[in-house]
Amino acid sequence: MNARNKRLPEGGRIDRSHSIEFSFDGKGLAGYRGDTLASALLANGVTLVGRSFKYHRPRGILSAGPEEPNALVTLGTGGRREPNLPATMLELGDGMAAESQNRWPSLAFDVQSANGLFAPFLSAGFYYKTFMGPTRRSWKIYEHFIRRAAGLGRAGTEPDPDRYEVRHAFADVAIIGAGPAGLSAARAAAAAGARVVLIEQDFLLGGQLLAEQSDGVAASWLGQVEAELESFETVTLMKRTSAFGIYDGNVIGLIEQRNQDRPPYSGQARQIVTMLRARSVVFATGAIERPMVFPNNDLPGVMLASAARIYLNRFAVLPGRKVIVATTNDGAWRTAFDLAEAGAEVTISDRRTTIPPALAVEATRLGVAVRTATRILDLRGGHCVKRATLKGPDGRFEAACDLVCVSGGWSPTVHLASHLGVKPRYREDIGGFVPGAFPANQFGAGAMMGLHATADANEDGHRAGIEAASFCGKSAPVPAPSKLDLGETVTTPFREVPCAQGGKAFVDFQMDVTTKDIELAHREGYESIEHLKRYTTLGMGTDQGKTSNFPGLSAMAALRGATIPETGTTTFRPPFTPVAIGALAGRATGHHFKPFRRTPMHDWHLANGAEMLDVGLWMRPWFYRRSGADVNEAYVAEMRHVRQAAGLMDISTLGKIDVQGPDAATFLDRIYANGFAKLKVGRARYGVMLRDDGIVFDDGTTTRLAESRFFMTTSTARAADVLSRLEFLLDTAWPELRVSVSSVSDEWAAMSIAGPEARAILAAAFPSLDVSNEALPHMGSYEGEWRGRALRILRLSYSGERAYEIYVGATAGEQLWSCLLEAGGPLELKPYGIEALGALRVEKGHVAGPEIDGRTTLDDLGLGRMVGKRSGFVGDVLRRRPALLAHDRQRLVGLECMEDGKRLRGGSVLFRPGEKATGHGWGRVTSVTFSPERDRYIGLALLAGDLATEGSEVVAVYPMKAETVRARVVSPIFLDPQGERLRG
Amino acid sequence: MLRFECPCCGPRDHDEFRYGGDASVRRPAHDDPDPEAWYAYVYIRKNPAGLHREFWQHVTGCRQWLVVERDTRNHVISSVAFARTSQA
C-alpha cells in the first residue's frame, strides 16, 4: 500500500472483487464497483480536484452529495462531452475519463491563480458597475479577458449521439428521498395499500444510513426494509433518480441516470426524464450540512464532517490521518469518533462551551482531544491543508492537520417543497428553515422537517406514509415500524456567524463569493437577500447555493443586525439539480422536433424533383427542380407557364370546414364581414373574417353546397384558429344557432389547375362533365364522384387565371393528381410550387399572410367596399373606432421597381426620395416577386399619407444588406384589373 | 401541469386544451351597436388573485368549449362545465 492510498483494508459498501479502471486528467487510477468518482479519487490520494470559478484557487472535495460546489468535472468527448458534473454524484464506471475544469495549463500549475491581477475586477457588483456606470466602454476591453478567466466547464458543440427519453408515470404516493424517513414512509404507504414510487438520487437506498458502519444495526435495518419494499408489487424503487422540480398538480420532474457505465453504443437511453403525477407526495429529502466560514476555508482537505464519515464508512476511505473536526453541533462528533476508531488522530474544536456529557465520555474513551469554545481562525496549505490556527478560551494556538472536517449546522433540504410557493419558516431551536404549511396532498418527514435523530425520522416517516396513503383513500392497517435507534444526541446548535478577519473567507465556494463581497453589497445598499444574491452571484452556481445559502444570509443578518427570519431566504426554483437540455427534449430533436404534416400527394412531389419547404407543420412543394436551376429561376418559369398554358398546384393544406344546420347561413352572415345569407346554392364567395377588435383575422372562400350546408376554406396557417373560433362562438355566444362545424381538412386532397388551358384540361380529365362557362362559371361549383370517391370542383382563382379547385377523397389524391397530369400532358400541364403561387397572387394583388398580419383593417387592405352598409358581424363595432378609420393609416399599394437590374426586398422600409432613411419611415414592403408581366420586380406594400397615391416615388431601404432602390407607387393589381382572364 | 376533469372525456392533461380567456365577461349581442359594450368585452379584465372563471377548449379531445373555475393563486380547479350550458 503506497502512501497515497487511503483505502482501508476492509469495510465499506464497495465490491472489492470488482476493480474499476478510470482516469482523471489522463492519469490512470483504480477504484471499485460501489465507488463514486469522488470516493475513488480520495482513495487514490487525490485532494486537488478543481480550480475555483473566479480566482482559480485550488479546490478539493467538500461533500458527498449533490450539494458539491468544488469537485465538478467534465466527462466524455465530442458530442458526449458533459461539463460541471459533481464527482460526488458520479457512480464510478469502467473506463470513465474525467477531466478537471477551469485550469490552464494544468490543475496543479494554474497561471491564473496569481489572481491578484484579476481580483479588483472580480469583486461583487463588478459586472453591474461596468455595464451601468461611466466605465461602460471599458467592458469591451476586458470582456474577452474575463470570459476566459472566469468560468466552469465547456459544453460540447457537436450533436449528442446518445438517446434520451421523456415519459409520464403515475402513483398514489411519491416519496422523495430514501433515507430513514423515506424508507419508513414507503413501507407504511405500501402496507396501507397505496401504489408507491420511492425516488432516490443515489445508486443505493439508505441516505444518511449509508454513513453508518456497513455491518452495524443501521445496515441490518436497511437490508430488512429494502427486502420488505422489494416484496411489494405496488412499490417502484427509482434509484439514480433526482427529483428536479415539483409542478402544479403534484407533478414531479425526475431525471434518471442510466447506463453511465455502459459502452456508449448500447442504443439505450442514457438519461430518462419522468413526469410523475402523484396523488400525494412525501418529502423526505433530508438535510444538507453547512460549511463554516473562516479565512482559507476553501483549501483542499476541508470537508463537511458528514461527508468524511460517508467516505470512511461507506467507501472505506480514510480521508485524513491528522484531523481537526470543527463544529457547532453534536452531529460532527460522530465523525470524530469514527475517524479516531479508524486510526486517525482527531482534535475536536467545538464553538460551544458545554457539551453533552455522553459525547465527552466517548471522546475520552477514543482519545479524541476536545477543545470547547474554540474556533478556527485561519488555515494554511497549498494543494492540501497543512496547518490550522485556532482560538480557544486560552488564546491562539496552532495545529498540524491534513483534514479539516467542518459542520456549521444543518439546513433541511426544503428546496423541492418550496417550488410550489410554500414559504420556508425559520426554527430557532434547530437553527434552520423548515417548510411552511403544506397543501393537503403534501407531507414532510424526517430531517427535512428538522428531525435529525434517526429514531425520530424513522417514526416520522411512518406517520407521513400512513397519512399520504390515507389521502389517496388507502387505509389498510399498517404493522408497527421496526425501530432503529442510533442513539444520537441532538441539542440546539451554536449559531455560527461567518468570521471574516484575515484572508479570503468563502461563503459560496462555487461562485467564489467571500465575506468581503457580502460586506460590499451591504455597504452599497444591497441588503435584501434577493438583491444580495443578484449583486454577488451568491447561490447562482450550478449547485444553486445548497451549501452557501444559509451562511450567506447569516452573514447579511449579522451585518444588518437583524434576525434570520427578518433577513429571509431566497426563492427556491426548479431545477434542484442541473438537468441536461437534451434529456428534457427526449426524442423531440432534429426531424422529430415537431410533427410533419404531409399531403396525399407528398410522395409524388418527392419522386418528381420537388424541393420541399416547411410551412408551419406542413411540407409543401417549394418549386420543382425541372423548372430551373434555383428557386429564383424556377418560380419565374413556373409563373410564366401558368400564365401561358396551365399549372397544377397541391392545395391540400388549406383549412376545410364543413358548416351544417338550419341556421348555417345566419351564422356565416355573422362571422364574415361580407354577407353570405343570399349566396345561391352551388355558388362560392370570397369572404373575410374580422376579430372582435375589428382587425382582419382570415380570408377564404365558402361554397353553398345546399340550403343548409356550406363548405368553408381557410388559409393554411389559420385553419386551426378559425375552426376553434367558430366553435367558441357557437358554444359560448350563440348557442341558440342550430349549426355544427367540423374540420374536414384531412378528408380531402385538393389541387388547383390554373391557366388559359385549365378548362380544356378539365374536360379531358372528366369527359362526362360539362365544363362550359355556362355550366361551371367563375365562382360555380360541381359535386359528383370520381372512381367511387367524392369529387368536388370549385371554379375559383387565386392566381388571376381561369382556375379550378378540385377536391377528392384524400386516399385518391395522388391518383387524381397523376390522372390530371396525364390528361393535361398534351396541353402542357405542369406542376408548380408555392413560390410561384405566392408570386402569382402578388401580381394579381391578392392579400395573404404578410398583409393580413394582425394589424390591418379591411380598409387598410382595400377590402372595405366588400362590407357596404352591413352590420351585426363579428368585429363590426370596434372596426369603426376613430384610430382604425384615420385617413393617415398605412394602406395597401403596389410598388414597381424603377431601377433596372435591382430587386425589391420584402421587409424594406419606405421613405420619401431625399429623406434621411432613419426610423420606421412611411411604410414597408410586405410581399415581392419578379413579374414576368411587367418584366421587373414588383411588390405589395403598406404605405401611409400622401405617398400612397399612385404615381408617387418612394425609396425602399433594406438595411440588412445596405440596399436602397427607387420604386413607384402603382395599383396593387398588376394584372388584368377587369378579371377577364378568370371569367371567360 | 394542470389537469381538467372534462365533463365529456374525464380527467385530461392541460396539453390537450386551448385557453380561451376570461369567461366572466359577457359578450354583447351580435348586433349590439354600443362601442362601450364591445370595448369592455374585448379589453376590460379583472385579473383577480383568487377564483377565476375562464374558457378552455378540449382541442385534442371532444372539442367542447368549457368554463373552468380556477384559483389563480394555487391553480386549484373547483369546477369544469360545458360552456353551452353554464352560460345562461
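**Helix packing, strand pairing and a chain interface**

In chain A, the axes of helix α4 (residues 180-191) and helix α5 (residues 217-231) come within 10 Å and cross at roughly 35°. The model described here is a predicted one. The crossing of α4(A) and α5(A) is left-handed. On the α4(A) side, the residues that meet the other helix are Leu183(A), Ala186(A), Arg187(A) and Ala190(A). On the α5(A) side they are Val225(A), Glu228(A) and Leu229(A). Sorted by class, this contact has five nonpolar residues, two charged residues and no polar ones.

The strands of chain A come next. Strand β11 (residues 241-247) of chain A has six buried residues out of seven, so β11(A) is largely enclosed by the rest of the structure. Its pairing with strand β12 (residues 251-257) of chain A is antiparallel and runs over six bridges. Within this pairing, Thr241(A) stands opposite Glu256(A) of β12(A). The hairpin of β11(A) and β12(A) has three residues between the strands, and Gly249(A) takes a positive phi near 75° in this hairpin.

Strand β16 (residues 322-327) of chain A pairs with strand β17 (residues 345-350) of chain A in the parallel sense, over six bridges. One position in the pairing is given by Val325(A), whose bridge partner in β17(A) is Ile348(A). Is β16(A) largely enclosed or largely open? Five of the six residues of β16(A) are buried, so this strand is largely enclosed by the rest of the structure.

Chain B has 88 residues, of which 18% are buried. Two helices and six strands are found in chain B, and along the sequence they follow the pattern β-β-β-α-β-β-β-α. The C-alpha atoms of chain B fill a box of roughly 40 × 30 × 20 Å along the principal axes. Of the contacts in chain B between residues at least 6 apart in sequence, 48% join residues at least 24 apart.

The two chains also touch. Where chain B meets chain A, 22 residues of chain B are in contact with 19 residues of chain A. Which elements of chain B supply at least two residues each to the side that touches chain A? They are β3 (18-22), α1 (35-43), β4 (51-57) and α2 (83-86) of chain B. With three residues, α1(B) gives the most to this side of chain B. By class, the side of chain B that touches chain A has ten nonpolar residues, six polar residues and six charged residues.

How values were computed. Residues are numbered from 1 along each chain as its sequence is written. Chains are lettered from A and ligands numbered from 1 in the order in which they are written. This is a predicted model: local features need pLDDT of at least 70, side-chain atom pairs count only at pLDDT 80 or more; totals for chains, interfaces and linings use all residues. Two residues are in contact if their C-beta atoms, placed from the backbone, lie within 7 Å. Helices (H or I, at least four residues) and strands (E, at least two) are DSSP runs, numbered from the N terminus. Ala, Val, Leu, Ile, Met, Phe, Trp, Tyr, Cys and Pro count as nonpolar, Asp, Glu, Lys and Arg as charged, and the others, Gly among them, as polar. A residue is buried if 20 or more other C-beta atoms lie within 10 Å of its own, exposed if 12 or fewer, and partly exposed in between; C-beta atoms are placed from the backbone. Two strands pair if DSSP finds at least two bridges between them. Axes are lines fitted to C-alpha atoms, for helices over the stretch in contact, and angles run from 0 to 180 degrees between N-to-C directions. A crossing is left-handed if the near helix is turned anticlockwise from the far one by less than a right angle, and right-handed if clockwise.
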